[in-house]
Amino acid sequence: MNTEKPQSADVVRAIESLAPDDYGRMTIPCEVDEELHEQIKLALICEPRTKLLLNQFGFDSLLRFIERKSSECLRDPEFEHCRQAAQALEVLLFQPDYDEHVVEVALALIQDSYQRLEPPRAGFEPGELPLFCAAWDRLGSQPHSENHSAEHHFRVGEDQDGPRYICYW
């Protein structure tokens, strides 16, 4: 087993290069999801995290990954889809100057798909995802409105393959 920490520049290049050319509605699951998730897991163990600076392609790639994983949870209600979306959001949260609105939309997506899982639900690990868990706790402490999806700019739509989230980032 290789215990060497990955080089942050290599991980950043890989995440940015996996950004699809067309941001139209991608299939769920997308052919790049498995490879992208591998790069996200590597990013989570990179040190120092401050060197993992993504360009807009990388940022967008992770946002679309969160949208697809949350949508996948609608179709196949498994905690693993929510966990993978949370891991991608963790990588976004250690970017400097991230857009708070975009993070709120991503958190709301993950929360909505998580709430649709049958109880008892697994929990997120603060040791693995400290920034995500802190943001998750802040979102959970806010009063929950009836129109949560409209407030956070997403809706559930129908695709030929089943339901999916449609986000307004």
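## Confidence of the model

The structure is a predicted model, in which local features need pLDDT of at least 70 and side-chain atom pairs count only at pLDDT 80 or more, while totals for chains, interfaces and linings use all residues. Residues are numbered from 1 along each chain as its sequence is written, and side-chain values use heavy atoms, with hydrogens and water left out.

Among the elements, helix 4 has the highest mean pLDDT (97) and helix 7 (residues 148–151) the lowest (57). Where pLDDT is low, the predicted coordinates should not be read in detail.

## Secondary structure and burial

The protein contains 7 helices and 2 strands; helices (H or I, at least four residues) and strands (E, at least two) are DSSP runs, numbered from the N terminus. Along the sequence the pattern is α-α-α-α-α-α-α-β-β. With contact defined as heavy atoms within 4.5 Å, residues 24 or more positions apart account for 75% of the contacts with a separation of 6 or more.

Of the 169 residues, 50% count as buried; buried means under 20% relative accessible area, exposed over 50%, and partly exposed in between (1.4 Å probe, protein chains only). In helix 1, the residues Ser8, Val11, Val12, Ala14, Ile15 and Glu16 are buried. Helix 2 and helix 3 are included in what covers the buried residues of helix 1.

## The largest nonpolar core

A nonpolar core is a set of buried Ala, Val, Leu, Ile, Met, Phe, Trp, Tyr and Cys residues joined through side-chain atoms within 4.5 Å. The largest one has 49 residues, of which Leu62, Ile66, Leu89, Phe124 and Phe132 touch the most other members. Two or more residues come from each of helix 1 (8–17), helix 2 (33–45), helix 3 (56–75), helix 4, helix 5 (100–115), helix 6 and strand 2 (162–167). Helix 4 gives the largest share of this core, 9 residues.

Not counting residues up to four places away in sequence, Leu62 touches Ile15, Leu36, Ile40, Leu54, Ala88, Val91 and Leu92.

## Packing of helix 4 against helix 6

The axes of helix 4 (residues 79–93) and helix 6 (residues 130–141) come within 8 Å and cross at roughly 100°. Axes are lines fitted to C-alpha atoms, for helices over the stretch in contact, and angles run from 0 to 180 degrees between N-to-C directions. The two helices are therefore roughly perpendicular to each other, a term that covers angles of 65 to 115 degrees.

Ala86, Leu89, Glu90 and Leu93 in helix 4 meet Pro130, Leu131, Phe132 and Ala135 in helix 6. By class, this contact has 7 nonpolar, no polar and 1 charged residues; Ala, Val, Leu, Ile, Met, Phe, Trp, Tyr, Cys and Pro count as nonpolar, Asp, Glu, Lys and Arg as charged, and the others, Gly among them, as polar.

## Loop geometry

A cis peptide bond joins Glu47 and Pro48, with omega about -10°; Pro48 lies in the loop between helix 2 and helix 3. Another cis peptide bond joins Pro119 and Pro120, with omega about -5°, and Pro120 is in the loop between helix 5 and helix 6.

Asp97, in the loop between helix 4 and helix 5, has a positive phi near 55° although Asp97 is a residue other than glycine. Asp97 counts as exposed at 80% relative accessibility. Glu78, in the loop between helix 3 and helix 4, is partly exposed, with a relative accessible area of 43%. Leaving aside neighbours within four places in sequence, Glu78 is in contact with Cys73 and Leu117.

Conventions
Angles under 35 degrees count as roughly parallel, over 145 as roughly antiparallel, 65 to 115 as roughly perpendicular and the rest as oblique. pLDDT is the predictor's confidence in each residue, from 0 to 100.
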